[in-house]
Amino acid sequence: MSSQLRSDQKLQPSCNLLKGSRLLICLCSILLCLAGSFLAHAQQVDSGVADPRLANFELISGNEYLRLYLNPETTEIAIQDIQTENLWFSNPQERFKTSGFVLNRLSSQLTIVHDPNGVQKDNHRYSIAYNQFDITPIDHGVRIDYTIVEEWKPEHYVPKMIRKTEMETEILAKIEKEEDRNRILEYYNLVMLVPRQGQPIPIPGVDHDQVFGDYDLVVLNPDYLEREAQLNTLKQALADLSGDPAELEKEIKRLEGQLNKEREDIVWRLINTYVECRLDIEKSDYVTFADLAHLIDNPTYVMELVPRFSLTSVQKIIIETGYTPIECAEDHLDNNLDPLLPNLEIFKVPMEYILDGANLVVRIPAQEVEYPVDVQNRVGEKFTYPLHTIRVLENFSAADTTKEGYMFVPDGSGALIYLNNKRLSTSGYNEPVYGRDNALDSSNELNRYPEVIRLPVFGLKQDDQAIFGIIEEGASLARIKADISGRTDNYNRVYAEFTLIPYSKVSLNLQTDNVRFSGELPTYQARKYEGVYEIRYAFLSGDDATYAGMARYYRDYLIDKYQLERVAPREQIPFYLELIGAIDKREPILGIARNVVHPLTTFKQARLILESLQERGIGEIQLKYNGWLNGGLDHHYPVKAALEKSLGGAVEFAEFVDYVNSQGYWLYPSVGLLSVYRTGLFDGFSVRNDAATQLNQLRAKVYQYRLNTHDRNPNAYYYVLSPRRIDSLVDSFLKDYQRYSLAGISLLDLGAEINSDFKDNPRDVIDREQALAIILAQFEKLRKQNMRIMVDHGNSYTLAYADAIVDLPSKGSSYHIVDEEIPFYQMVIHGLIDYTTSALNLSSNSRADLLRMLESGSYPYFVGCYEDSFEVKDTKFDHLFALHYGDWLNLAASIYRTVNDVLDDVQDQLIVDHCRLIDNVYQTTYENGKRIIVNYNKHAVEVYGRVIDGEDFIVLEAEADEIS
């Protein structure tokens, strides 16, 4: 780097940081232009009702439903409902009672997390505080471009050298307290070059002619000049002395030595300043008179070495004067010093607010997000600071300790976290939408909680108003987070966080003759996500400001988005049955243990089970046939729809299909398309080419875990299929599948998982959103073939395609911070898509699960086989206990009769309300007025004048049972 910049370069700092005083005019002009633009834009919008909380806000946009306001100083927004006049703020308006870190967090609209070391930067402390943002009007809203930089370090505010006139006018004159002025001057020496008179005083190690030429460096510190005057007085007294000069000569020598030593220290401090602050000066021998010539007859302050703790106090005093790092850099240039470089960690994040009908849409165009890549420091070293995640509007409608209500999180079926519940001994809620990415290796991680987020939504109710968020784009890269007041501040909040660059860690063990290294290094996706993050916010008031209101709103949203229609009622409710065809067991073959495919339910036996169910009055059977493909449950790579031979041949299968069709049942043979359980020599699967790649460039595997130790079983795993192979695999499978003339299919994993492929070439990376697009394309293929589709678990994107969802989550993960679990998912889709809870015969508490079925409007679901249950013992399928159909046949018939009696007349009815009446007693209301009340307590309770026994329920019909 050159030691000096041209005069025209002084106004071009290396990054756009704090505006200097001489940029104020330009800044004001820009603000005036923006104000004019907004004024013109806002003329089209009604000004709205005056509210003192909007005193510092400007109207940006409006329509018949909402008004959007912006505070141009803080970039916070406010949304006003025109009908109710309710206001929702992006940031708490009472936050100024706090300070420091808490104030910064409460004042931010986004927070980024970047590496190394997971550094967090909120846009208030690192952008707004430095006026580092641009505001631009857009259609129906506003865009704000944030430049997020590292906080200035103390040395950026404190000049190493500054001319006396600049020090006095720009710093000292603006310090009110004399003690603060003295404190500043305490750390500076005032020096100047003057023509040399006589021989210079030698300084060890300094070539006077090279450094100072024909000049001398004089020290102008007041105390130094005072002692110098004292020395001259003593010398004059010595000349006039007639007596013994010994004592006087001793004092002169002492004072002269003291001044020479002090001057020597100042000279070296000056020289070392150039060594420290000039990249082209590596050592003191390189300093020349050309570097110091500007000091001729120019009094200048040179900073002493200042301890870090003292430097911080100096910084504080200087900041209060308005002196900025830009001015500090200019003063360095005036003294032939390199300007202090700004921090390399500069990020740019755009954010858009758009009114869309009665909603606010918040967008972050991820493709426009910038982070430092191969930026260079003063010595040319390159650094990259990958931006890992972005938290969006974490304070939007945050509720303080005076509010009553709850946060809604989509954990499993849904869960509520009461505001201010004081459960500070546990962690906040933090889970990924659609579960974990199986291509992200987590060597020691089990899913901490059993349920997965299936719906990309969240909400917060406080008093009589609520906010409800729907993640429309980037959901697969999102996490839902929620926490209560009291942990870091007095606010409850729920929000979304998005991943821009997925990362993992690679374990390394290196050893050479001289070096040994053992540890972990981060590894990142080869490129960032190039799409958009988008959240749609709805604003609810009154009776709609509840989780039931949120469910109704989301249902209407899905109906409009996917054109969902009501299901057609049947004579009886459907009964969902999963039969296990075959599994593989470890058996001795010629004395050697080998995996052998073992049939549990042949095609003929499957018919016998259906006939047994029919004999007990169970109709409308929806059969999911799992393990029918070659290889059983862990079937071969399904490039073909090959039958498992041990279950019977093609003739037996065709006869079974004909029987199912003749009874009016539906058959859904199951296939796993995202996982490769086993492969053959000629099935076309190559681990190297077709398995998904992890960030460490190893092939992605999913391991089974030992239940007793919770660690991986290294010998029990399957490969994760690369998304790039899904399309051709589905084409190949469906082409062969058509020969069976089947009208239905069960997708084991296509509706429940999304996995990336982290190739090391950026062009070959398939991120999670791209993988989702590939999955949706497969659903479209099935729809075009008029195939009825059954999915497991049911991520939200399946709702446009699924005819049935089995094993839909019926409860949450029992997070300790959660107060209540609710059937939110079921409230959204009842009457539109059939669904079940988990298998009742595998339940540890079938009575509680029955009540949960009735509360949520779910249909019965059983998993079984023809062979005895002990056949799965000591296999990797031993979690499928109690399979033998004879063991649960009577239970299934009893439950089916009970549920059919209750739910038969609401098959096509929407759930319009759900609430907790008293502890562990819940009421579900359908649009025809029917109410189902379940009591999970062991003891009887009384509601509406009716007694409900322990672990029992009652049904109130609209006409006969009015609420008293």
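**Close-up views of a predicted model**

View 1. G428 sits in the loop between β20 and β21 (429-432); helices (H or I, at least four residues) and strands (E, at least two) are DSSP runs, numbered from the N terminus. This is a predicted model, in which local features need pLDDT of at least 70 and side-chain atom pairs count only at pLDDT 80 or more, while totals for chains, interfaces and linings use all residues. Residues are numbered from 1 along each chain as its sequence is written, and side-chain values use heavy atoms, with hydrogens and water left out. Is G428 buried or exposed? G428 counts as buried because its relative accessibility is 18% (buried is under 20% relative accessible area, exposed over 50%, partly exposed in between, with a 1.4 Å probe and protein chains only). Leaving aside residues up to four places away in sequence, G428 touches A482, D483, R487, Y815 and I817 (contact means heavy atoms within 4.5 Å). S858 is 430 residues from G428 along the chain, and 30 Å separates their C-alpha atoms.

**View 2. Helix α20 and the glycine after it.** Helix α20 (residues 846-856) is mostly covered, with nine of its eleven residues buried. The buried set is A848, D849, L850, L851, R852, M853, L854, E855 and S856. Next along comes G857, which has a positive phi, near 70 degrees.

**View 3. Strand β17 between two partners.** All covered here: six of the six residues in β17 (residues 387-392) are buried. Strand β5 (residues 110-114) runs antiparallel to β17, joined to it by five bridges (two strands pair if DSSP finds at least two bridges between them). Strand β25 (residues 491-499) is also antiparallel to β17, with four bridges. V392 is a handy spot to look at: L110 stands opposite V392, and A496 in β25 is the bridge partner of V392.

View 4. Ten strands make an open, antiparallel sheet in the order β7-β8-β13-β14-β28-β23-β22-β19-β20-β40. At the edges are β7 (133-138) and β40 (820-821), each pairing on one side only. Within the sheet, seven bridges tie strand β14 (residues 359-365) to strand β28 (residues 532-541), and these two run antiparallel. R363 stands opposite E534 in β28. Helix α13 (residues 547-562) lies across β14, β19 (405-409), β20 (415-418), β22 (457-462), β23 (465-473) and β28, at about 35 degrees to β23 (axes are lines fitted to C-alpha atoms, for helices over the stretch in contact, and angles run from 0 to 180 degrees between N-to-C directions).

**View 5. Helices α14 and α21 side by side.** The axes of helix α14 (residues 603-615) and helix α21 (residues 885-903) come within 10 Å and cross at roughly 25 degrees. That makes α14 and α21 roughly parallel to each other (angles under 35 degrees count as roughly parallel, over 145 as roughly antiparallel, 65 to 115 as roughly perpendicular and the rest as oblique). Which residues of α14 meet α21? I609, S612 and L613 do, meeting Y885, W888 and L889 in α21. The residues of this contact split into five nonpolar, one polar and no charged (Ala, Val, Leu, Ile, Met, Phe, Trp, Tyr, Cys and Pro count as nonpolar, Asp, Glu, Lys and Arg as charged, and the others, Gly among them, as polar).
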